[in-house]
Amino acid sequence: MRFIVTVLSLFVIAAKRLWHQRLLMLCLLAGLVVAVGLLSSIPLYSDAVNNRLLQGQLTEAGTYRPPFAFLWRYIGAWHGEIGWDEYGPVNEYLSQQADGIVGLSADSQIRHVSTAKLRLFPDDDSAFADDAPLLWSGLGFISNLESHIQLVEGNFPSDELPGQAVEVIVSQPTAEALGLQVGEGYTLFGSRRDNVQIPVQIAGVWIPVDTADPFWFYQPGAFDEILLTGEDSFESFVVPALEEPVETAVWYQIYDGSRVRPASVDGLLSGVRTVEARVTSLLNNTTLDASPVEALQDYGRSSSELSVMLTIFSLPVIGLILYFIVLIAGMVVRREQSEIAILRSRGATRGQILFIYLLEGLLIGALGLFGGLL
């Protein structure tokens with residue numbers, strides 16, 4: 001209890017001494033505010049400049065994807081088609097675990113799978129006479145597609161298990177070019193050696209709501225030659241019909257990169273390398289075709305270089321401010337020498353006097369720190 005009373009009394013004495021020399025203390029406070037403000041502004045300014053440059057580099061002309069978009073692809077036309085059991089593990093990893101390892105929160109995740117090109121014929125047998133298909137078309141799905149397209153005619157394919165035919169939607173340019181009508185039945189044929197036949201029915205005709213929407217990992221016109229169905233229908237009906245149903249697999253992930261800072265770049269890049277290595281081990285030849293990795297590497301280097309340059313150029317100013325602070329502090333001490341002698345003569349110990357000065361320094365320093373950061 002006595003210790004608390006002593007500390008409080010010393011605190012009162014320190015406050016009175018500060019008020020007694022308020023003009024000198026205000027000068028000292030101004031010097032601390034300027035010093036803290038200058039020193040803290042260097043990394044903040046460097047971070048802001050490089051963050052703006054990073055956003056600009058990632059969204060430069062010709063790039064329609066968001067800054068922190070990751071596009072993973074497996075292209076069967078280059079490496080061979082794969083079975084659904086080969087697709088499953090890498091899909092589960094990228095969909096459920098990758099964002100935690102990368103260290104960013106995912107704003108959206110889109111998956112796309114399509115088969116190899118199949119021959120589209122109408123159900124009318126007379127059309128088979130010349131063996132010329134209406135269209136060489138893939139059959140696939142895009143997750144979360146409903147909210148990003150507008151149906152000109154018909155309905156979106158049902159999520160329920162299809163009956164005699166897989167319900168599909170086609171793009172308006174394809175429907176107009178081939179004369180495809182909602183409700184018509186067609187058959188997709190594989191190669192002659194596998195004798196695959198997949199009956200399909202046109203459920204709707206679609207157009208994109210907004211071609212500039214970040215949802216579109218490819219331009220919407222890239223899906224003109226793909227018949228799109230629901231993900232459940234694809235897995236339940238198309239997968240059993242084909243030995244190797246996956247010719248193209250795309251995982252498109254949009255992350256929130258607003259909190260990426262120079263200090264977090266190395267960890268982020270390390271996480272991306274970890275995910276990339278794991279994906280390759282699960283499904284060889286799966287590649288990361290679009291990402292901010294290269295821009296982040298430049299961002300980390302340029303941010304460090306800019307901070308060092310600004311610090312070097314600021315050293316003379318910082319030196320002058322510190323010299324000013326030392327001069328003011330010296331003036332304060334010289335003016336208080338007589339007070340120190342009086343306190344000693346009244347029984348104050350060296351420790352108590354040092355503690356009073358420490359309290360004064362903490363009070364002025366706290367105000368200087370707050371003002372400088374503000």
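Guide: Let us start with E231, which is partly exposed, with a relative accessible area of 26%; buried means under 20% relative accessible area, exposed over 50%, and partly exposed in between, using a 1.4 Å probe and protein chains only. This is a predicted model, in which local features need pLDDT of at least 70, side-chain atom pairs count only at pLDDT 80 or more, and totals for chains, interfaces and linings use all residues. Residues are numbered from 1 along each chain as its sequence is written, and side-chain values use heavy atoms, with hydrogens and water left out.

Visitor: With which residue does E231 form a salt bridge?

Guide: A salt bridge is a side-chain nitrogen of Lys or Arg within 4 Å of a carboxyl oxygen of Asp or Glu. For E231, the closest N and O atoms of the pair are 2.7 Å apart, and the partner is R111.

Visitor: Is R111 buried or exposed?

Guide: The relative accessible area of R111 is 19%. Because buried means under 20%, R111 counts as buried.

Visitor: How many residues apart are D289 and R73, whose side chains meet in a salt bridge?

Guide: Their N to O distance is 2.4 Å. D289 lies in strand β11 (residues 287–290) and R73 in strand β1 (residues 69–75), strands being DSSP runs of E, at least two residues, numbered from the N terminus. The pair therefore ties together parts whose separation in sequence is 216 residues.

Key
Helices (H or I, at least four residues) and strands (E, at least two) are DSSP runs, numbered from the N terminus.
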